[in-house]
Structures are given as structure tokens and as C-alpha cells.
Amino acid sequence: MAQDNAAFCGVPEGVPTGVPAEAKPPPAPPQAPKRRPWGAGGGGAGRKRQRYVEKDGKCNVQHGNVRETYRYLTDIFTTLVDLKWRFSLLIFILAYALTWLFFGLIWWVIAYSRGDLEHLGDHSWTPCVNNLNGFVSAFLFSIETETTIGYGHRVITDTCPEGIVLLLLQAILGSMVNAFMVGCMFVKISQPNKRAETLVFSSHAVVSLRDDRLCLMFRVGDLRDSHIVEASIRAKLIQSKQTQEGEFIPLDQTDLSVGFETGDDRLFLVSPLIISHEIDERSPFWDVSRGQLERDDFEIVVILEGMVEATGMTCQARSSYLADEVLWGHRFTPLLSLEEGFYEVDYGGFHHTVPVPTPACSARQLAAAAARRDAHLYWSIPSRLDEAAAAGGEGDPEMSPRESNGTLASPESR
């Protein structure tokens, strides 16, 4: 069995699939063979492969020539939340400072137009706002009104109807500004983006045999003691393709099954897990051998989603693997050990892999070799009985008719 497989795929004796116990293991393959720079997929020689998603999860896509910029203003809240912190803080400060200045200016204009500034020492004069003697005091009164501080030194009187209307407008508008800006800052602070920093992915993906099947595997882990609830994993293959009609798709996305049909994509992420994609006839890697993998240009994007246990907000962590970050014939080292009363995870070896004997052929060729091997085993028993029947003669009294036809006879038939 192992010999047929080795002869077909170019695999030395010692492959784990059907290896006899007395077979000697082959020498370990070299660690992480060197790959050529990206160039076969359209890039120039020596050009580095451009990532679609960075290792830290940031999408390497920039939107240019956006003509309908007004759409950002229709959802101003999300626009402010998505801004960088320095711009958010600048807008936060300007929103309050400008409203204070605007209403302070109006309070000063009212006092100036009524003549309150000309009767500062006249106790028989009733101003619109007591103790308002200039623009600075009008600005301070605006701050006290909008923030409801109420020091009591400057206060509006009942002989100023325009001041009462302005007071109502500033109180309403100030409440709206407070609700909008404080809500925006709260959402920005409580965003679960930083939670993704403690969700780690292995630096490399590996291809090796698992239960006699070629599998593409990578490892995920959570560094925090608080868990990700309802965690799920997805994987996408990003690769350029050309359709049968001649249409070129530069970044075509293909799903890589990581257990959606069986529910294995739902993770209980308490300790690091190895996520496996079985390379079968539905996999885009069905015809990919080790040699072709070293020449291909593609990117595998992995997405881990779940709810943060502490806040209940949805968190998403992303990473990616280029073709030269997929190690053929490697396996991840174990991390979990049983200590006295608990399990311990050694994250020091989270990214470590070890070489293992793995066929260099594609999964299709491996399956074809296994099918021929099974067919050979199926027909070997009848052929040997036919040879025995020919040697013994058709009239041999020791052989029943069923045995002479090349089939096994049961004890009852003899």
C-alpha cells in the first residue's frame, strides 16, 4: 500500500498512510524551503507580494475617486466614530468651543443693543443679564448656561424676552451637542477593536496528513482569561482568476471550508485550537502539489468573530497567509500540558512547527493512488485463488466449485 502510494506520488517509504511497522522513517525534509519572490501573477521579478489583508488584520485597500462624498455626512455619527482619535478629539473640542463662542457673541450683542453695557454702574437700570459687562463675561455666561453650572453671579432677568428665547435655544442645542458628542466618544472608547489584539494567529499555515487526508491547518489562540462567546472562524482564498468567457477577476474570493457543514467552525476558544481545512474535491487546493504551491500566488484570509464576554459587543480578528507562508510537510507542536490540578498552555511555542513525512503530490493524485491501491487489494485474492485452481486441476476433490471460480468458500459450503 505504501509502496504503491510512494511510487505514484514520489513519496519515500515511511509515509504514515499504511506504513508497515518495520519501515524506517525517512530523513526530515528541510525547514521552510525558500520561495521565489512574487512575480508569476503579474508582478515584476523581485517584487514583493502585495497583501490584501495585513497580518495584524488591517485591510490594505484604499478608496479613491469617491465622488458621492455627501454620503459620509448622511451618517455623520458613524463618520465621527471611524475618525482617528486626534481628529475625534479636535472635533469634540471645537463642537463645544464654537457653540460657547457663538452663544456668547449673541449674549454680548443683546446686551450691547439694549444699552446694558452703557449702564454698568446704574442700579436703577435692569439689564438682560446681571453682571454682564463685556464679551468675556458674556462668554462665561454662555458656558454656565450650556453646562448648567450656575455660579449665580450672572443671571438672566425677566425683563428680557429675547434673552429668555435665547436661553431656551441654547439649553436645547447644548443638550443635543452633549448627547451627540458624549455618545460618539463613548462608542469610540468602548469599541472592541482592541480586544482583537489578544486574539493571535500562527505566523504560518501548514499542509500535512491528518487521518490519511491532506489538510491545510493554522492555529488560533486567545491570550485573555475572559473568553470570546459564540466564536466562529471563516477562511477565504484570495486569488486572481480568469473566467471561461475571458473576464479577469483580480481578487476573486473563494470559501475554504473549515467545518461549516459539521459545525466545527464554532469554537470553544479556551485554549489554542488548530483549524483544519480538508483538501477534498471541493477544495480549490485539490490539484495543488508541493511544487505548484511554491509557484502559486495567492492569499488566505482568516476571520475570527465572536462576542466579548465582558461587554457583549461583537469582535472580529483577521489575519492572512501568503503562498510562501504555507509550509508543506509541517505540523504544529503541542502547547497543552497537564499540571497538578489544571491545564497549562505554553504560548512560547505557539508559532513553532515540526517537519513530518508528507506526500509531495496533490490531494487528487493521492486519492487516485489510494483508489488504485484499494482496487489492487480487492482483486488480489481472487487472482491468487485462480492460480491455485489452475495448478490443482479442475477435478481436484479438495476444491469446491466456488473455490475453483476464484471466490472464497465458507466452511458450510465445504
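**Surface, helices and contacts**

Tutor: Gladly! This is a predicted model, and its accessible surface comes to about 25400 Å², with 57% of that belonging to carbon and sulfur atoms.

Student: What makes a residue count as buried here, and what percentage of the protein does?

Tutor: A residue is buried if its relative accessible area is under 20%. Of the 414 residues, 36% count as buried.

Student: How many helices and strands are there?

Tutor: Nine helices and 14 strands.

Student: What describes the packing of α5 and α6?

Tutor: Two packed helices are described by the angle and the distance between their axes. For α5 (residues 135-147) and α6 (residues 161-189), the axes come within 8 Å and cross at roughly 60°. The crossing of α5 past α6 is right-handed.

Student: Which residues make that contact?

Tutor: From α5, Ser142, Thr145 and Glu146; from α6, Leu167, Gln170, Gly174 and Asn178. Contact requires heavy atoms within 4.5 Å.

Student: Why does the contact divide into one nonpolar, five polar and one charged residue?

Tutor: Leu counts as nonpolar and Glu as charged, while the others, Gly among them, count as polar, so the contact of α5 with α6 has one nonpolar, five polar and one charged.

Student: Where does UniProt place the feature "transmembrane region"?

Tutor: The unreviewed UniProt entry places it at residues 87-110 and 164-187. In the model, residues 87-110 are 100% helix, with end C-alpha atoms 34 Å apart. Residues 164-187 are also 100% helix, and their end C-alpha atoms lie 35 Å apart.

Technical notes
Residues are numbered from 1 along each chain as its sequence is written. This is a predicted model: local features need pLDDT of at least 70, side-chain atom pairs count only at pLDDT 80 or more; totals for chains, interfaces and linings use all residues. Side-chain values use heavy atoms; hydrogens and water are left out. Axes are lines fitted to C-alpha atoms, for helices over the stretch in contact, and angles run from 0 to 180 degrees between N-to-C directions. Helices (H or I, at least four residues) and strands (E, at least two) are DSSP runs, numbered from the N terminus. A crossing is left-handed if the near helix is turned anticlockwise from the far one by less than a right angle, and right-handed if clockwise. Buried means under 20% relative accessible area, exposed over 50%, partly exposed in between (1.4 Å probe, protein chains only). Accessible areas come from the Shrake-Rupley method with a 1.4 Å probe; for residues, only the protein chains shown count as cover. UniProt positions are given in the numbering used here, feature names are shortened, and annotations may be inferred rather than shown by experiment.
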